[in-house]
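Here are my notes on the model you sent. Please read them with the structure open.

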Amino acid sequence: MASTSSSSLNNLLHIHHRTLSIPKFPSILKQTQLRSSIKYQSLKVKAASDLLETVKEAITPPQDTEVDLFACPVCFEPLIRKGPAGFNLPAIYRSGFKCTKCNKSYSSKNIYLDLTVIAGAKEYVESQPSRTELFRSPLVSFLYERGWRQNFNLRGFPGPDEEFDMAQEYFKPAEGGTLVDVSCGSGLFSRKFAKSGIYSKVVALDFSENMLRQTYDFIKVDDTILSSNLALVRADVSRLPFASGSIDAVHAGAALHCWPSPSNAIAEINRILRSGGVFVGTTFLRSTSTTPAILRPFDRRIAGNYNYLTEEEIEDLVKSCGFTNYTCKVQQAFIMFSAQKP
């Protein structure tokens, strides 16, 4: 019994010894393990490198696409532009624009880039106030610089050249930046801003399709403007197609009294301006310091469909929309005002 137990114990120890025995060629084992480790590490590095390249390809747009100045009027996400490079009418006309968030596309099929909320709508038509519809008329658009605008001097407007020079003084902090001429009409001032060469980009923006067509008619006969950094955009002044804080200067010539909601429009202008950006506007005053007191209660009735305001109302409105450094110049019923975004 004891001999049997001893034999079993020896067999067990022999098996255990073989299991734990050191290999005859330990150096070969070590080299094999090292090669395996190196191969595994190199595979991990290659996998990480491949993943990085995949991510780069996913987030880097093709060479003919770029994130644009313009933003979606629905969500204000910057649009992706596909087409020829350059910020000028020919390049923008041949480009397509898309919002990756809304999956909505925009184009320049009608000379101008339509960035209204309802761009592309097939059935829905939105009615506008009569003062807005008036300036969408082909006849008024044609006549605007052929007699209509010239009559403004009867109310104290100095004239386009002098008004341009006055505005340029206010816009000095924005030189070299992007300027948006909202409610540009037939592009009277947009063309002057573009031709000056002072701004890196000029956007002529109006809600009226016919005013923008008239703007193009004036531009196409002047090669110096046609090739300048100018874009024609159809948009609503209360829903401007730019990202917040992306614009350096906004001009609104003889426009405020035509806006359905001046407060919404000026708040929207504040949104798109960068800190320190400049807003300059002109309009007709409802009454001035020379207006007889007896007539002032009837001013609003005389104004009819237009939002003619007093000096005090304009200053209060602009400041209420978040602007500072308000200043103005008044001549009869003409007022030019300027303010900055803090």
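1. Ala, Val, Leu, Ile, Met, Phe, Trp, Tyr, Cys and Pro count as nonpolar. Asp, Glu, Lys and Arg count as charged, and the others, Gly among them, as polar. On that basis, the lining of the largest pocket divides into 20 nonpolar, 11 polar and seven charged residues. Keep in mind that this is a predicted model.

2. Now the largest pocket itself. Its volume is about 670 Å³. The lining has 38 residues. Phe135, Ser183, Ala255, Cys258 and Trp259 lie nearest the centre of this pocket. Which elements each supply at least two residues of the lining? They include helix H4, helix H5 (138–148), helix H7 (188–196) and strand S7 (201–206).

3. The second largest pocket has a volume of about 320 Å³. Its lining is made of 20 residues, and the closest to the centre are Thr116, Ile118, Ala119, Glu126 and Arg234. By class, the lining of the second largest pocket divides into nine nonpolar, three polar and eight charged residues.

4. Thr132 is worth a look. It is found in helix H4 (residues 130–134), and H4 is among the elements that supply the lining of the largest pocket. Is Thr132 buried or exposed? The relative accessible area of Thr132 is 13%. Buried means under 20%, so Thr132 counts as buried. Leaving out residues up to four places away in sequence, Thr132 touches Phe207, Cys258 and Pro260. Of these contacts, Cys258 is also one of the residues nearest the centre of the largest pocket.

5. Next, the chain as a whole. It has 12 helices and 12 strands. Of its 342 residues, 42% count as buried. Consider the contacts with a separation of 6 or more: 66% of them are between residues 24 or more positions apart. The chain exposes about 18600 Å², and carbon and sulfur atoms supply 56% of that area.

6. Aromatic pairs come next. How many does the structure hold? There are 17 aromatic pairs. One of them joins Phe171 and Phe193, edge-to-face, at 5.9 Å centre to centre with 75° between the planes. This pair links distant parts of the chain, 22 residues apart. Phe171 sits in the loop between helix H6 (160–170) and strand S6 (178–182), and Phe193 in helix H7.

7. The ring centres are 5.6 Å apart and the planes stand at 40°, so the pair is tilted. Separately, one aromatic cluster is formed by Tyr144, Phe152, Phe157, Phe284, Tyr306, Tyr308 and Phe334.

8. Helix H6 deserves a check from the inside. Its buried residues include Glu163, Phe164, Met166, Ala167, Gln168 and Tyr170. What covers the buried residues of H6? The cover includes H7, strand S9 (247–252), S10, S11 and strand S12 (334–340).

9. Val278 belongs to strand S10. With a relative accessible area of 1%, Val278 is buried. Beyond four places in sequence, its contacts include Tyr170, Phe171, Pro173, Asp248, Val250 and Ser338. Val278 and Ser338 are 60 residues apart along the chain, yet their C-alpha atoms are separated by 7.1 Å.

10. Last, Ala252 in strand S9. Its relative accessibility is 3%, so Ala252 counts as buried. Setting aside neighbours within four places in sequence, Ala252 is in contact with Asp181, Val182, Trp259, Phe279, Val280, Gly281 and Thr282. Phe279 in that list is the partner of Phe323 in the tilted pair. The C-alpha atoms of Ala252 and Met336 are separated by 9.8 Å, and the two residues are 84 residues apart along the chain.

Conventions:
Residues are numbered from 1 along each chain as its sequence is written. This is a predicted model: local features need pLDDT of at least 70, side-chain atom pairs count only at pLDDT 80 or more; totals for chains, interfaces and linings use all residues. Side-chain values use heavy atoms; hydrogens and water are left out. Helices (H or I, at least four residues) and strands (E, at least two) are DSSP runs, numbered from the N terminus. Buried means under 20% relative accessible area, exposed over 50%, partly exposed in between (1.4 Å probe, protein chains only). Contact means heavy atoms within 4.5 Å. On a 1 Å grid over the protein atoms alone, a cavity is a set of points where a 1.4 Å probe fits but cannot get out, and a pocket is an open set with protein on both sides within 12 Å along at least five of seven lines; lining residues have an atom within 4 Å of a point. Grid points are joined across faces, edges and corners, and a volume is the space filled by probe spheres set on the points. Accessible areas come from the Shrake-Rupley method with a 1.4 Å probe; for residues, only the protein chains shown count as cover. Rings of Phe, Tyr and Trp (its six-membered ring) pair if their centres lie within 6.5 Å; planes under 30 degrees apart count as stacked, over 60 as edge-to-face and the rest as tilted.
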